[in-house]
Amino acid sequence: MSARPLFLLFLSGLASCVSYERNDATPQSIAAIIDARVGGTFSVDQAIDVALRQNPRLQALTARLRAADAATTVPLPVRANWLGRNESVEALIDPIALLGLGPRGAAIDRAESRVLEAAAQLVVQRWHTIAGVVTEFHIHKALQELQVIDLDLDVESFERAGLASPVAAMQLRAAQARSHSEQVELTRERSDNLTRLRELLGLPDHAQLTITAIVDDWLQQPEGTASEIVTRPDLSLAAARFEVADAELYQAVTEQYPSLKLGPNISLIGNPMRAMAMLQIPIGMQGLAEAARERREATRSELESAFLHARREASLSQQQLIATQAVAAATAAGLRSSTAAFDAARASIEVEVDAFAKFANAATKVMRNTMEHRRAVLARVRAEVQRASAYGWPRGQQPTPTKIPEQQS
């Protein structure tokens, strides 16, 4: 082979400007990175900021958004031929593609629609992440306010003194067991609360995590209008997917038509330069176009399904919030009543000989109400955030192609 084709091959290699860099990722290396992170004391705003920067799902979607933005640079294919027999070089290019029209223009439109889809995916994950952080902060505050009444009483001493019947003694021991189990349950709930929050913040399980109390009015409930449902991020994502499918159909349609490539034929031995043309005729492309048309129809139906799901979720969350608030208020009133009765029974057991049975019965009621109130409060807290989220809260600014998040070191 002469030096000419080697030189042409070298020039074509210059068109590639991105080099390969090896980047290993193993469970062990990822674990080491996460274990090196430290926790701290966070307000809800600080926790949201850390989650938006450090949550791995958000990092992945941010990288996919940058990838989609980079893919908007649609290549312009130039065909070069070296004809050894004629000692000439040909360079052919599609003028329609050079102008950003035809199949290449459709590919550019498809790439830009995928940027909007990737941005919408990132917004949806931010929406879920912020709602998750706020939920855990409200749960943490609710758990801090829950208390378990002390039922530490020597039942055996009352039995030996003949002041406690076997039934009343069994009843009080059962209430004491419930008190212990409720303490264990609260400990578990608090541990689970911090575990879930650590995952949202991308922290290891051993990271110290202290949460400051969230103010009562930090979560602003939307008004609950139909217009708020339409602006939900997941509906924007479904609409973006339809636009991608529409762009793919347009590209498939343009690829059905012939394309013409023009260029010079340059002699390497001094002969005059000649014009060259190549006509490319695609055959049997209608099947791909029909498939793209059906995929667009599928995404349209998925958008309709997403809207119906959003409206159903909003309606259910509204009723769920009303119901959980009513239950929480009822259990709070029941707990206050049983606590007052228990305090009275505790005072009377010190002065009345036959007050043990009354005390045991009051202890049973107060523990039953304590457990019911805990479940009701946590259900109400989750329902509050779910209802707000169902109507599109929080509403973050969607990244645009001109404002792509940069890669973090």
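Predicted model: local features only at pLDDT ≥ 70, side-chain atom pairs only at ≥ 80, totals over all residues.
Figure 1. When neighbours within four places in sequence are left aside, the contacts of Leu146 are Leu186, Arg190, His373, Arg374 and Val377. Ser301, at 155 residues from Leu146 along the chain, has its C-alpha atom 47 Å from that of Leu146.

**Figure 2. The buried residues of helix α3 and their cover.** Helix α3 comprises residues 44–54, and its buried residues are Val44, Ala47, Ile48, Val50, Ala51 and Gln54. These residues lie on the same side of α3, because the arc that they cover around the axis is only 165°. The elements that cover them include strand β1 (40–42) together with helices α4 (56–70), α6 (102–145) and α8 (166–201).

**Figure 3. His128 in helix α6.** The histidine at position 128 belongs to helix α6. His128 has a relative accessible area of 42% and is therefore classed as partly exposed, since this class lies between the limits of 20% and 50%. Leu98 is 30 residues from His128 along the chain, and the C-alpha atoms of the two residues are separated by 42 Å.

**Figure 4. Pro166 in helix α8.** Pro166 forms part of helix α8. With a relative accessible area of 62%, Pro166 is exposed, as this class requires a value over 50%. Between the C-alpha atoms of Pro166 and Ser29 the separation is 61 Å, and the two residues are 137 residues apart along the chain.

**Figure 5. Ile269 in the loop between strands β5 and β6.** Strand β5 covers residues 259–267 and strand β6 covers residues 274–280, with Ile269 in the loop between them. The relative accessibility of Ile269 is 54%, so this isoleucine counts as exposed. Arg79 is 190 residues away from Ile269 in sequence, while the C-alpha to C-alpha distance between them is 21 Å.

**Figure 6. The cis peptide bond between Trp393 and Pro394.** Most peptide bonds are trans. The bond that joins Trp393 and Pro394 is cis, with omega at about -10°. Pro394 is located in the segment that follows helix α12, which spans residues 356–390.

**Figure 7. The protein chain as context for the close-up views.** The protein chain contains twelve helices and six strands. Its radius of gyration is 34 Å, whereas the globule rule gives 22 Å for 409 residues; the chain is therefore more spread out than a compact globule. Along the principal axes, the C-alpha atoms of the chain fill a box of roughly 125 × 45 × 35 Å. Of the 409 residues, 38% are buried. Among contacts with a separation of 6 or more, 81% are between residues 24 or more positions apart. The chain exposes about 23800 Å², of which carbon and sulfur atoms supply 57%.

Note on methods. Residues numbered from 1 in each chain as written. Heavy atoms only, no water. Helix = DSSP H or I, 4+ residues; strand = E, 2+ residues; numbered from the N terminus. Rg over C-alpha atoms; globule rule 2.2 N^0.38 Å. Buried < 20%, exposed > 50% of the residue type's maximum accessible area, 1.4 Å probe, protein only. Contact = heavy atoms within 4.5 Å. Areas by Shrake-Rupley, 256 points an atom, 1.4 Å probe, with all protein chains shown as cover. Arc of directions from axis to C-beta.
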